[in-house]
Amino acid sequence: MSLRKFLDKIKPNFEEGGKFHWLYSTYDAIETFLYVPNTTSKSGVHIHDARDSKRTMVIVILALIPALLVGMYNVGYQHYLAVNAQVGFMETFLYGLLATLPQIVVSYVVGLGIEFAMAQMKKEEVAEGFLVSGLLIPMIMPVDTPLWMIAVATAFAVVFAKEVFGGTGYNIFNVALIARAFLFFSYPSKMSGDQVWVRTADTFGMGGGNIVDSYSGATPLGQIAVTDVGSFSDFTFTNILGQPLSISDMFFGLIPGSVGEVSTIAILLGAIILIATGVGSWRTMLSVFIGGLVAALLVNAFAQNAVMGMPVHYHFLLGGFAFGAVFMATDPVTSSRTTKGQWIFGFLIGLVAVTIRVFNPGYPEGMMLAILFMNAFAPLIDFYVVDANIKRRLKRSVVKK
């Protein structure tokens, strides 16, 4: 209650005529973050609902937490596996937490700093959209990405993928994926290869044994992309020490990869939260997997190498396929909004993602490019869906003269 009284007391200083009126957007952002606004519409036609953008963003963040926590543990797990050390659960998790937390802080400081500055310049409210993007960006980056690169990529994404289009709700492309794409094409050596997915340096002075003579930190998709075996039956996914990976390792998230993308079970838990609360579109999620299934089965039928012969469940478990389907493809701003459009949009993402993975070894992930590519076509898909509905209704109507 005392905090509420304090905010009410200082509010006149930030309103028009107050000595800090030029910081009103900042005050408003803090106030609406702490408390639900008590102003409502008094006249006109309005739909009143308990859900607003802040609640929606909070739900998405809650849905991301399982994948984030498992991903943090996996960072520590991969580290101690690489240095051949046996440690407990808490020490493993703590290492991953300390490795990931600075990336999250940098993402939020840079992104929110730009958002606040732009809101002040335009004298608008600070939108809550970056609350999710700020967490997604570090979750889809390699754990060894330098902090300055995350800062530059975040600034680029917020300015050129969001603000130049008008801000939250007007951007065409997914902001977090633009940040990753910026680094992928600008600094490819820091976004691919064996060494970027596993942090082996004892940065935090937590011990950890001796570095092994050699290891491979390549993701499973990176391994199969460069293999020279003729069929999938002759290929084996391995961990960083060359030991075979099991399906359970892939499902639970004990493999090299981005923090948020490794654990399928944690991602599925997030999907349940999004679907149960009505925040995420189950049609888009399901259609992404259907599209991936169709593409994988078609490729399997004409398999000429190990990548083409990889069974569909590996496509779903590895890389960012599941994470992209649940958290990226369902972005309400950059995805299709019509019911039929969501089916088409998701199906094409799954189809394109698997196609890129199989036929372009230079991009073994595929999901990032597939979603960004379909972001550009989402408005066109919705246009033709709506146009088709209008034409069908016109045909059903009877014009009496």
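Buried means under 20% relative accessible area, exposed means over 50%, and partly exposed sits in between (1.4 Å probe, protein chains only). What you have here is a predicted model, where local features need pLDDT of at least 70, side-chain atom pairs count only at pLDDT 80 or more, and totals for chains, interfaces and linings use all residues. Numbering runs from 1 along each chain as its sequence is written, and side-chain values use heavy atoms, with hydrogens and water left out.

View 1. Helices (H or I, at least four residues) and strands (E, at least two) are DSSP runs, numbered from the N terminus. Of the 401 residues, 48% count as buried. Take the contacts (heavy atoms within 4.5 Å) between residues at least 6 apart in sequence: 72% of them join residues at least 24 apart. The chain exposes about 19700 Å², with carbon and sulfur atoms supplying 65% of that; accessible areas come from the Shrake-Rupley method with a 1.4 Å probe, and for residues only the protein chains shown count as cover.

**View 2. Helix H5 (residues 130-139) is largely enclosed by the rest of the structure, because 10 of its 10 residues are buried.** Among the buried residues of H5 are Phe130, Gly134, Pro138 and Met139.

**View 3. Thr92 has its place in helix H4 (residues 89-122).** With 4% relative accessibility, Thr92 counts as buried. Leaving aside residues up to four places away in sequence, Thr92 touches Met72, Tyr73, Gly76, Tyr77, Tyr80 and Val87.

**View 4. Lys162 and Glu115 pair up in a salt bridge, their closest N and O atoms 2.5 Å apart.** This pair links distant parts of the chain, 47 residues apart: Lys162 lies in the loop between helix H6 (147-160) and helix H7 (175-186), and Glu115 in helix H4. A salt bridge here is a side-chain nitrogen of Lys or Arg within 4 Å of a carboxyl oxygen of Asp or Glu. Lys162 counts as buried at 3% relative accessibility, and Glu115 counts as buried too, at 5%. By this rule the count comes to four salt bridges.

**View 5. Arg357 and Glu365 meet through their side chains in a salt bridge (3.3 Å, N to O).** Arg357 is buried at 4% relative accessibility. Glu365 is buried with a relative accessible area of 17%.

**View 6. Asp387 forms a salt bridge with Lys391, with 3.3 Å between the closest N and O atoms.** Asp387 and Lys391 are separated by about one helical turn because they are four residues apart in helix H15. At 24% relative accessibility, Asp387 is partly exposed.

**View 7. Lys340, Arg392, Arg393 and Arg396 form a positive surface patch.** Patches are made of residues with over 30% relative accessible area and no salt bridge, joining like charges within 9 Å and nonpolar side chains (Val, Leu, Ile, Met, Phe, Trp, Tyr) within 5 Å. Lys and Arg count as positive and Asp and Glu as negative, while His and the chain ends are not counted; a charge is placed at NZ of Lys, CZ of Arg, CG of Asp or CD of Glu. Helix H15 (residues 367-396) gives the most to this patch, with three residues. Arg392 is found in H15 and counts as partly exposed at 37% relative accessibility.

**View 8. A nonpolar patch on the surface includes Ile275, Trp282, Leu298 and Trp343 among its residues.** The patch has about 640 Å² of accessible area together. Helix H11 (282-301) and helix H14 (339-359) each supply at least two of its residues, and H11 gives the most, with five.
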